[in-house]
Amino acid sequence: MSETIFTKIINKEIPADILYEDEQSMAFRDIAAQAPVHFLVIPKKPIATINDIQPEDKELIGHLYWVAAQLAKEQGVADQGYRAVMNCNEYGGQSVYHIHLHVLAGKPLGWPPYTERLKV
Ligand code: AMP
């Protein structure tokens, strides 16, 4: 898979507002926040889309949700609620081909969030 901007963030080649990091994952604020709280949780392993998740990645994907929940608690939005979502390919609204969990919170969230952008 070709390198994305998220690989550069993982390698600290470009800056990001990093909220969490461990051996397997990283979380940082989205550069174009769509809600008062909007951060991304990504695996360090580059996986292009949800379709590319392998059986051996199943624990890693669960870990991303665990990180999302810990950070939601830390940010004080866990009880009020939030959306944790991964977009897949064009119609899913994916623009960076390194899987990432969007965590959006801090206001009531419309659904579906990306209708405007897709223009279909
Ligand atoms: P998606 O459209 O689901 O692939 O989401 C990609 C997200 O990455 C978008 O919400 C972008 O705003 C965000 N993004 C792109 N570049 C950066 C960056 N350098 N730092 C933080 N977030 C970024």
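Figure 1. A polar atom in the side chain of His102 lies 2.8 Å from an oxygen atom of the ligand. The protein covers 88% of the 500 Å² of accessible area that the ligand has on its own (accessible areas come from the Shrake-Rupley method with a 1.4 Å probe). The side chain of Asn87 has an N or O atom 2.8 Å from a ligand oxygen. From Val96, a backbone N or O atom lies 2.9 Å from an oxygen of the ligand. A polar contact is a pair of N or O atoms within 3.5 Å. This is a predicted model, in which local features need pLDDT of at least 70 and side-chain atom pairs count only at pLDDT 80 or more, while totals for chains, interfaces and linings use all residues. Residues are numbered from 1 along each chain as its sequence is written, and side-chain values use heavy atoms, with hydrogens and water left out.

**Figure 2. The shell around the ligand.** Around the ligand are 17 residues, of which Asp30, Asn87, Ser95, His100 and His102 come nearest (a residue is near a molecule if one of its heavy atoms lies within 4 Å of it). The shell has 8 nonpolar, 6 polar and 3 charged residues; Asp, Glu, Lys and Arg count as charged, Ala, Val, Leu, Ile, Met, Phe, Trp, Tyr, Cys and Pro as nonpolar, and the others, Gly among them, as polar. Helix H1 (5–10) and strand S2 (25–29) each supply at least two shell residues. The largest share, 3 residues, comes from H1.

**Figure 3. Helices and strands of the protein.** The protein has 4 helices and 5 strands, in the order α-β-β-β-α-β-α-β-α along the sequence. Helices (H or I, at least four residues) and strands (E, at least two) are DSSP runs, numbered from the N terminus. The C-alpha atoms fill a box of roughly 35 × 35 × 30 Å, taken along the principal axes.

**Figure 4. Two residues with positive phi.** Lys12 is not a glycine, yet its phi is positive, near 60 degrees. Lys12 lies in the loop between H1 and strand S1 (18–21). Asn89, also not a glycine, has a positive phi of about 60 degrees. Asn89 is part of helix H3 (residues 89–92). Most residues other than glycine have a negative phi.

Conventions
Polar contact = N/O pair within 3.5 Å; in protein donor to acceptor, adjacent residues only side chain to side chain.
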